[in-house]
Amino acid sequence: MVDGHAGMSVRLAACRSIEGECMEKERLNKYLAACGLCSRREADRLIEEGAVSVNGKKAVAGMQISGEEQILVNGKPVHGKDEKVVLAYYKPVGVTCTEKDRFADKKITDMVKFPVRVTYAGRLDKDSEGLMLLTNDGELIQAMMRGSGGHEKEYVVRVNKEISEDLIKRMSKGVYLSELSVTTKPCEVTKIGKFTFRIILTQGLNRQIKRMVRELGYHVYAIKRVRIENITLESLKSGQFRRLKNEELHTLYKSCFPEKTEKT
């Protein structure tokens, strides 16, 4: 008679001999859910509908995978559940930075369709447009949201009347915001048109640019974010996104985690 521990050893040995390291395998629906693609129930539905393939073959309900396979959902590759994904997204005017607001006409989570669930690292107002970073890396989100990080964000701003040199100088030195009882940090401001200026901020106060402009007797007509640290819109058109890779991604992580440059 084999005792409990011995029996377990025999079963594990047999399992390994048949499937390799079967202990590392898990059900496909659970894996897809862990990747942030969908819920387990939705994964089961996709599998039943034939929308999922594993190594070129149609997936079947209940199958086990290791995560090393090539998995496609609706013809698009599923990235590993532990793989960090960072997207550069050109948010259009009218899209709300929210995930759950049922009253929002266009939620950012509805606009960006990617196999891995991502969320935003920093917001843009509904009536503003431009660059946003979306990721599944919680540490990166926290680093980007930390005001003490001093991460550069560059904007092009259009106002309601001709820009004076006084406006440029006062904004550059810092503006006292009466609504927040705080003075903004010095920043780089450059006039680039009769009604347009470029500004680089290293802090992220709520509606900071609009508040600064209003304090100085102007009104914002349009705001477009064109850069976050080393990441720019490049050739992205409104509503498009691209995945960050290689040196571009490494430089971003290096600026956010100078002590952990090997993260990527």
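Reply: A residue counts as buried under 20% relative accessible area, as exposed over 50%, and as partly exposed in between. Asp-166, at 44% relative accessibility, is therefore partly exposed. Keep in mind that this is a predicted model.

Start with the salt bridge that Asp-166 makes. The partner of Asp-166 is Arg-170, and the N to O distance is 3.5 Å. Both residues sit in helix α6 (residues 165-173), and because they are four residues apart there, about one helical turn separates them. Arg-170 has a relative accessibility of 41%, so Arg-170 is partly exposed as well.

Next, look at Asp-110 and Lys-107. Their side chains form a salt bridge in which the closest N and O atoms are 3.1 Å apart. Here the two partners fall into separate classes: Asp-110 is partly exposed at 38%, whereas Lys-107 is buried at 16%.

Lys-210 and Asp-125 form another salt bridge, at 3.2 Å from N to O. This one links distant parts of the chain, since Lys-210 belongs to helix α7 (residues 208-215) and Asp-125 to the loop between β8 and β9 (129-135), 85 residues apart. Lys-210 has a relative accessible area of 17%, so Lys-210 is buried. Asp-125, at 23%, is partly exposed. The two residues also belong to a network of salt bridges that includes Asp-127 and Arg-207. In total, the count comes to 13 salt bridges.

Now the rings. A search of the whole structure gives two aromatic pairs. One of them is Phe-114 with Phe-241, an edge-to-face pair with 6.1 Å between the centres and 80° between the planes. Phe-114 lies in the loop between α4 (108-111) and β8 (119-120), while Phe-241 lies in strand β17 (residues 241-243), so the pair ties together parts that are 127 residues apart in sequence. Phe-114 is buried, at 19% relative accessibility, and Phe-241 is partly exposed, at 29%.

Tyr-253 and Phe-257 also form an aromatic pair, but this one is stacked, with centres 5.8 Å apart and 25° between the planes. Tyr-253 and Phe-257 are both buried.

Lys-161 lies over the face of Tyr-218, 4.8 Å from the ring centre.

Key. Residues are numbered from 1 along each chain as its sequence is written. This is a predicted model: local features need pLDDT of at least 70, side-chain atom pairs count only at pLDDT 80 or more; totals for chains, interfaces and linings use all residues. Side-chain values use heavy atoms; hydrogens and water are left out. Rings of Phe, Tyr and Trp (its six-membered ring) pair if their centres lie within 6.5 Å; planes under 30 degrees apart count as stacked, over 60 as edge-to-face and the rest as tilted. Helices (H or I, at least four residues) and strands (E, at least two) are DSSP runs, numbered from the N terminus. Buried means under 20% relative accessible area, exposed over 50%, partly exposed in between (1.4 Å probe, protein chains only). A charge sits over a ring if NZ of Lys or CZ of Arg is within 6 Å of the ring centre and within 35 degrees of the ring normal. A salt bridge is a side-chain nitrogen of Lys or Arg within 4 Å of a carboxyl oxygen of Asp or Glu.
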